[in-house]
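Subject: Structure handover

Hello,

Here is the structure I promised to pass on. Please open it beside this email and follow along.

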Amino acid sequence: MTSNKIFAGSRLRRLRLKLGFSQSAFAQSLGLSASYLNLMERDQRPLTAQVVLKLSAMEGVDVAELSGGDAAHVLLQPLREMLADPLLLGEVPPGNELRDAVQSAPNFASAAVKLYAAYREVLRNLANAARGFPQVPAETKVEDWGGGRNNNDLEGLAEDIWSELSPKDDIFSGLKARLRSSFGIDTRILPTTILNNDRSRYDRHSQRLMISETLDFEQRIMEAAHLVARLEGREIVDAAAAMSPFNDRPDQQRLAKAALLHHLALAILCPRGRFSASAEDLKFDIESLARRFSVTKAKAMQRVSQLNSEIGFLGVGANGDISSRIGNLHFFLPEDAPLCGQLPLFDEEKGFHSAEMQSQEGSPLYVLALREPGGAVALFFTAEDFAKSAYAQKPMQRPNSSRNLGATCRLCEVSHCARRSAASVTRPAGLNDYIRGTTDFEPV
């Protein structure tokens, strides 16, 4: 069964400000602690029935507004990306001004996002024309569409499934029991002589889920969770895909469904309420979270960002291409150019390591990076969130010094960068025939 939980953090905060309450006073009037109200305003806790009833008793409050679509959830991220463009540096609204602007003028904010998308498309077409490539129309990307959904339907279903799993202290056994009792499916661990290079294979005729013995324990659990998500989330996923902009593009629609199923599978293993509470208790200690929920460290990092959009997640492959991206990264992310080589994801250090950089607003930005075979993943914390994490308390993990982060090499004005791969077009090259600088494009 699905859940009807209401997550309306930004609207609740707007209502509080409209009524002239401080957070502590509003919490007291609702019979809550200030910290719990803060979690509700950050969409980390749903509105309870008791809160809705108390709100309905307040003069001038229409509780129906709290269940409406949240424009801020859809528009905040693309607006932040737009304002992170070097073209608009210095124009970024401080604090909550951007969220307030979206709440008060959502249509205007949506128009600005569309206008910026058209501007980026013009730049792409100009670049393609210069290289002799044909111009192609702009298309909505699957990851952008998936990131724009609030996924409350998937989160509610995942919490319902997890609550019914047994045993809970051995999640793999619980998932196998669920598959057996609900669908008559047996799970087997089989050698590569049968599965070859496949991670798993579901045979609908023999009703068997076959998982490769080459997978780690956490990866085996994820394969079982994926099948549970596919079987139990089909109705929600199909309905969501039918409302997507990919109906006339079957391949893109399949990718959209796959992204939703992956989100549901991870949510089943890391249910929203329990994982959010554990993340706070453990101060975002990724290794501890991974152990507690029997997922890989990269999946734990991904889930942290899914449940807190202010903590961004970025994954890159071995060639530097973006493989996954969630939440607010707090810096400009180019669409058609290489990522900045200063990003800690490209460091050679093994295991977790952190670095301090500067966000698009000019404030400190802390990055927790993890190198993996074939790529790397990272979480991007504001100074406030990083101070609450376990990594701020570990001397060996604290950044040694701040590093400059550029947009892309051709738009970056950072001097003497050891990772510069192209000359900046924003200033004269100034190369010297008698001096070889940090790279072939220095000194400048």
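Below is what was found in it, from the overall picture down to single residues.

**Overall**

Please keep in mind that this is a predicted model. The protein has 444 residues, and 46% of them are buried. Its secondary structure comes to 18 helices and 8 strands. Now look at contacts between residues at least 6 apart in sequence. Of these, 54% join residues at least 24 apart.

**The sheet of 3 strands**

Start with the open sheet of 3 strands. Its order is E1-E3-E2, and the pairing is mixed. Strand E1 (186-190) and strand E2 (200-203) are the edge strands, and each pairs on one side only. On average, neighbouring strands here are turned by 20° against each other, direction ignored.

E1 and strand E3 (residues 208-212) run parallel, joined by 5 bridges. In general, strands of a sheet pair through backbone hydrogen bonds, either parallel or antiparallel.

Helix H10 (residues 171-183) lies across E1 and E3, at about 130° to E1. Helix H12 (residues 217-232) lies across E1, E2 and E3, at about 150° to E3.

**The sheet of 5 strands**

Next comes an open sheet of 5 strands. The order is E5-E4-E8-E7-E6, with antiparallel pairing. Strand E5 (322-326) and E6 stand at the edges with a single partner strand each, so one side of each has no neighbour in the sheet. Neighbouring strands of this sheet are turned by 20° against each other on average, direction ignored.

Follow the strands one by one. Strand E6 (residues 352-358) pairs with strand E7 (residues 364-372) in the antiparallel sense, over 7 bridges. Phe-352 stands opposite Leu-370 in E7. E7 also pairs with strand E8 (residues 375-382), again antiparallel, over 8 bridges. On that side, Leu-370 stands opposite Val-377 in E8. Leu-368 has Leu-379 as its bridge partner in E8.

**Cysteines**

How many disulfides does a search of the whole structure find? The count is 0. A disulfide is a covalent bond between the sulfur atoms of two cysteines.

Is Cys-270 buried or exposed? Its relative accessibility is 0%, so Cys-270 counts as buried. Cys-340 is at 10% and therefore also counts as buried. The cut-off for buried is under 20%.

Best wishes

How values were computed: Residues numbered from 1 in each chain as written. Predicted model: local features only at pLDDT ≥ 70, side-chain atom pairs only at ≥ 80, totals over all residues. Heavy atoms only, no water. Pairing = 2+ DSSP bridges. Helix = DSSP H or I, 4+ residues; strand = E, 2+ residues; numbered from the N terminus. Axes fitted to C-alpha atoms, helices over the stretch in contact; angles between N-to-C directions. Contact = heavy atoms within 4.5 Å. Disulfide = S-S within 2.5 Å. Buried < 20%, exposed > 50% of the residue type's maximum accessible area, 1.4 Å probe, protein only.
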